[in-house]
Amino acid sequence: MRRYGKHTDEDDIRTRPGRRNTRPRSNIRPKHEDAAEGMVLTVDRGRLTCLVDDRVVMAMKARELGRKAAVVGDRVALVGDLSGKKDTLARIVRIEERNSVLRRTADDDDPFERVVVANADQLAIVTALADPEPRPRLIDRCLVAAFDGGLEPLLVLTKSDLASPDEILELYGALDIPHVVTNREELETGGAADRVREQLGGRVTAFVGHSGVGKTTLVNALVAQDRQRSTGHVNAVTGRGRHTTTSALALPLPKMEGWVIDTPGVRSFGLAHVDPSRVIHAFPDLESGTEGCPRACSHDEPDCALDDWVAQGHADPARLYSLRRLLATRERTEGD
């Protein structure tokens, strides 16, 4: 006698034909309330390296998660073999809600955004003052992505032995962004790492920068010797660095005083996903002045209420200029 007829009235049951009989399947997924909590350290071809308590566990995404992907920094729930032993594999059954996301697109016309890092507190934008030359438009775009994603920016200027940082610091002075200036000798002696580490304590910091600026070299100076990554050099002909970091990787600071996430070097940073109305939230001294703006105001048009707000002395004109420069970066290429 068949348990399920041709027209079953159970909404949560669907049938799948088999070789011998029809096997009922339920759409109700287990809650996995006893799953262990972990953090994604890196992702490589469908395999995710996770930290569960003090163990490094290899895992794969459960089919029930569908197209939802886990990225470095994600807090996840895992079941299965969590021993961390060789040739064992756990399963990620849940991705917890994210506190922040660093996202980018391939270019400004690309509708598909990519989450680079999740749950980072801070974005360290690493820029060389020379060799290769600094690219302010790329810095602007990283700042917009940080403000949009809920990360606090940190500006790290390297190779100050080759050029002065004054021009760059003046350009971003109105934004009141914390900054650290380093040179190559300080990287070798450890002085640069000590000053950068002061900005990282107790936080998760994602490092982003153009290839060849010394980002991975700096990360290596911050972490333990056995966790260091390979580094490259700047091409003397093109003035560009060579990609040596091919995937994002979360690394603990000594004594577990925080985390750094090294990301692959970028040559473009698309902002097609950014809603300009979210960037204004990073400018609390200007945000109140937008109440009189027309609907869907770009904050860079004749009827924008911010002009009168600043003219009345409520905010520094340099702050408004900086906001509009950042918003306008979507219409310009990074090399402008």
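Start by selecting every cysteine: a search of the whole structure finds 0 disulfides, a disulfide being a pair of cysteine sulfur atoms within 2.5 Å. Before moving on, note that this is a predicted model, in which local features need pLDDT of at least 70, side-chain atom pairs count only at pLDDT 80 or more, and totals for chains, interfaces and linings use all residues. Residues are numbered from 1 along each chain as its sequence is written, and side-chain values use heavy atoms, with hydrogens and water left out.

Click on Cys297. Cys297 takes part in no disulfide, and the nearest cysteine sulfur, which belongs to Cys293, is 4.0 Å away. Cys297 is buried, with a relative accessible area of 12%; buried means under 20% relative accessible area, exposed over 50%, and partly exposed in between, with a 1.4 Å probe and protein chains only. Now try Cys142, which is also buried, at a relative accessible area of 2%.

**Helix H1 and Asp140**

Next, select helix H1 (136-149). Helices here are DSSP runs of H or I with at least four residues, strands are runs of E with at least two, and both are numbered from the N terminus. Asp140 lies in H1 and counts as buried, at 0% relative accessibility. Which side chains does the side chain of Asp140 meet in polar contacts? One is that of Arg137, at 2.6 Å, and another is that of Arg325, at 3.3 Å. A polar contact is a pair of N or O atoms within 3.5 Å; within protein, one must be able to donate a hydrogen and the other to accept it, and residues adjacent in sequence count only if both atoms are side-chain atoms.

**Helix H9**

Arg325 leads you on to H9, where it is one of the buried residues, along with Arg319, Leu320, Ser322, Leu323, Arg324, Leu326 and Leu327. Show helices H1, H2 (166-171), H6 (276-279), H7 (284-287) and H8 (306-311) too: they are included in what covers those buried residues. At the N-terminal end, Asp316 caps H9, with a side-chain oxygen 2.9 Å from the backbone nitrogen of Ala318.

**The cores**

Now select Leu123, Leu143, Phe283 and Leu323, the residues with the most contacts inside the largest nonpolar core, which has 52 residues. H1 gives the largest share of this core, 8 residues. A nonpolar core is a set of buried Ala, Val, Leu, Ile, Met, Phe, Trp, Tyr and Cys residues joined through side-chain atoms within 4.5 Å. Leaving aside neighbours within four places in sequence, Leu143 is in contact (heavy atoms within 4.5 Å) with Ile125, Pro153, Tyr172, Leu175, Ile177 and Leu326.

**Strand E15 and its partners**

Finally, go to strand E15 (residues 259-262), which is covered on both faces: Trp259 and Ile261 are buried on one side, Val260 and Asp262 on the other. Strand E13 (residues 204-209) pairs with E15 in the parallel sense over 4 bridges, and Val204 has Trp259 as its bridge partner. Two strands pair if DSSP finds at least two bridges between them. Strand E14 (residues 249-252) runs antiparallel to E15, joined by 4 bridges, with Pro252 opposite Trp259. In the hairpin of E14 and E15, with 6 residues between the strands, look for Lys255, which takes a positive phi near 65°.
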